[in-house]
Amino acid sequence: MVKNHLDKNGSFTGSPKPPRSATSTEASCADQHSRNSSQEELDHSLNTHIEDIKKLSEDIDRFVESLSMCHDKSNPPQVPDSVETFSKMVESRIKKYNSCENATRFCKMAEEDTCFIEAVTMLSKLTNSLSEFPSGSMTTRSLNLTSMVLQRAMTFMEEELRNLLEDSRVSSNSRVLKNSSFNANNLLDGEQCVLTLSESSGEEEYPSYSPDVLTRMNRIASAMILAGYETECCQVYSISRRNAFSEQMKKLEFERINMEDVQRMPWDSLEGEITRWIRVVKSCSTTLFPGEKRLGDSVFSDSPMISRSLFSNLARAIVIQLLDFAEAVSMTKRSAEKLFKYLDMYEAIRDLIPTINESCSNECENELKSEISATGDRIGESAVSIFCDLENSIKNDVARTPVPGGAVHPLTRYVMNYLKYACEYKDTLEHIFQQHVKLEESNSPAKLKPTLEVETESESPHGSETVAGTTPFSIQLVTIMDLLDTNLEAKSNLYRDPALRHIFLMNNGRYILQKVKGSAEIHQVMGDTWCRRRSTIVRQYHKNYQRETWGKVLQILSHDGMQVHGKVVKTTVKERFKNFNTMFDEIHRSQSSWVVSDEQLQSELRVSISALVIPAYRSFFGRFRQYLDSGKQAEKYVKYQPEDIETLIDGLFDGNSASMARRKT
């Protein structure tokens, strides 16, 4: 192995020794020694280069200071040779970077790369200082040279920033970031520097740039802005981030749809588009916009105004696109099933405002906040209109055929389930209705005010509902409840049997009460007082049913009129038993087909009937059964034992279809 030495002039010293044969082990060791020597020489050369640039930078800094102190611009100081040397060294470094095959040339901001950026920054200061002197002076030649090299440096940095933005963005899909051989240590064997992004969580942060990449972009951006290339820097950054954001929108399956297509789209298709839109808006609020803000703050940490301006421009374009879709949706034909999607849209729009407030410039913030609020108000007004249209749906539901068995009416189920789901958005609806009232008051204050203060009288089971001091949404909810009660009262008149009429009202009243109690949101709006009043009304229906159905039965089982001159009249006993059998058979036949689907209410009804009828029958049976002759005559008139009555009562309200076919209403 020949070992060479360098003297101060770069000449070889020493004489080579004659070669000798080597074993394979010796040869391997020799190869390793050769590589180590080459690396040491490269490191030494690199360190020397860095030291030279640093020393020249100090000289240039002193010269820039002397230029700033020169008040007579027509008589500049002598330009030292170090200016040309420094410029050529920077240019040489640019050529070396450009010779690298990789797209990006900066790696982990090695000392050489940091030194280069500092040198370019110094070169821009020098160029600015030289430009203050008139053309034709002794500084003109140096100015032309530094300007040319600075232009090349800026072109290189612009391309490097673009590549860092683009390559790192692409690599986020593979979660591996390929970096170039900007570090001279990597130029030796052409290996690539690979940075694996954080994999500690299954979710990627957006945007997924590594800290090293952020540092490089920050240093490049700061150098370009200081050199007066702010426009070029911002343009590269804006285009890249706009493209990256578009890719995120595509990943979320959101495409821009014009207003005409939205309004022609069938609801099933539009509902899917709204779902995707909501997903995009929420992603913008929680992930994309905050991520873009963090990225801008990192890259332009030395220029916060530029960062806010860049984010504002990006956010404005995206938000306007999203709001255009929402505006188009708000103009489509309104229907009840759209309410919940409208409320989802309203909440998504509302949650955009804090993100905009925190991130945009003041001018853009005010503009976008105004646009977002206006669109949110239009969606809110559409939701109010749809919700209030439930009144018309109830009023227009006029039935001519009663529900079999007095069961819960489909309208009751629809309205209460609709209100249950609507009240899951209670806070949102409270806010929307409050805004609606403010809008109405500003347009026609004289009309609306009495509506909020009047005590509404209703013939519905609510009785008198005082709505003064409540919220506009709760007023609307009570109004709907009143309309539903009025409608059910009208539908109950379709039953010719008064007892079945009360069963129908009891079923529907109980269903309404259970729905309110089962929903914390509706319960909060209606309150405990309303629930107690509703319970009282349902109990009254129960009492009315018992009076209509079992009052006559109890009259038959009464002991009054059974004796004449102190003696029991057998014919009266026979007649009473016969009448009881007939009436009870009819009740059981018809009311077995009636429906009480609420198990607790069904049980309460059976228990109350048993408590009313069985003791009366047992007493009548025990007192007067003895006056009937034994044998067939007794069996003819005494059809039921007391135990039989209890068993038959337990069969009421099962909705038996066989009996239902014979029922008359």
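At 5% relative accessibility, Y418 counts as buried. The model that holds this residue is predicted. Y418 takes part in a ring pair with F340. The two ring centres lie 5.3 Å apart and the planes meet at 55°, so the pair is tilted. F340 belongs to helix 11 (residues 339–350), and Y418 belongs to helix 14 (residues 410–423). The pair therefore ties together parts that are 78 residues apart in sequence.

Helix 14 also carries Y421. This tyrosine has a relative accessibility of 43% and so counts as partly exposed. The cut-off for buried is under 20%, and exposed begins over 50%. In sequence, Y421 and S519 are 98 residues apart. In space, their C-alpha atoms are 9.2 Å apart.

The overall makeup of the protein was examined next. The protein has 24 helices and eight strands. It comprises 665 residues, and 46% of them are buried. The accessible surface comes to about 34,300 Å². Carbon and sulfur atoms account for 49% of that surface. Contacts between residues at least 6 apart in sequence were also considered. Of these, 78% join residues at least 24 apart.

Aromatic pairs number 26 in the structure. One of them is formed by F289 and F311. Their ring centres are 5.7 Å apart, and their planes stand at 80°. The pair is edge-to-face because planes over 60 degrees apart fall in that class. F289 lies in helix 9, whereas F311 lies in helix 10 (residues 304–330). The pair thus ties together parts that are 22 residues apart in sequence. F289 has a relative accessibility of 0% and counts as buried. F311 is buried too, with a relative accessible area of 4%. Ring pairs also build a cluster. Its members are W550, F580, F584, Y617, F621 and Y640.

Helix 9 (residues 267–299) also packs against helix 6 (residues 211–226). The two axes lie 8 Å apart, at an angle of about 55°. That angle makes helix 6 oblique to helix 9. Helix 6 contributes L214, M217, N218 and A221 to the contact. Helix 9 contributes L295, S298 and V299. By residue class, the contact of helix 6 with helix 9 holds five nonpolar and two polar residues. No charged residue takes part in this contact.

N508 is found in helix 18 (residues 498–518). Its relative accessible area is 1%, so N508 is buried. Beyond its neighbours within four places in sequence, N508 is in contact with A407, V408, H409, T412 and L488.

S87 is found in helix 2 (residues 81–98). At 0% relative accessibility, S87 counts as buried. Residues up to four places away in sequence are again set aside. S87 then touches L123, L145, T146 and V149.

Notes. Residues are numbered from 1 along each chain as its sequence is written. This is a predicted model: local features need pLDDT of at least 70, side-chain atom pairs count only at pLDDT 80 or more; totals for chains, interfaces and linings use all residues. Side-chain values use heavy atoms; hydrogens and water are left out. Axes are lines fitted to C-alpha atoms, for helices over the stretch in contact, and angles run from 0 to 180 degrees between N-to-C directions. Helices (H or I, at least four residues) and strands (E, at least two) are DSSP runs, numbered from the N terminus. Angles under 35 degrees count as roughly parallel, over 145 as roughly antiparallel, 65 to 115 as roughly perpendicular and the rest as oblique. Contact means heavy atoms within 4.5 Å. Ala, Val, Leu, Ile, Met, Phe, Trp, Tyr, Cys and Pro count as nonpolar, Asp, Glu, Lys and Arg as charged, and the others, Gly among them, as polar. Buried means under 20% relative accessible area, exposed over 50%, partly exposed in between (1.4 Å probe, protein chains only). Accessible areas come from the Shrake-Rupley method with a 1.4 Å probe; for residues, only the protein chains shown count as cover. Rings of Phe, Tyr and Trp (its six-membered ring) pair if their centres lie within 6.5 Å; planes under 30 degrees apart count as stacked, over 60 as edge-to-face and the rest as tilted.
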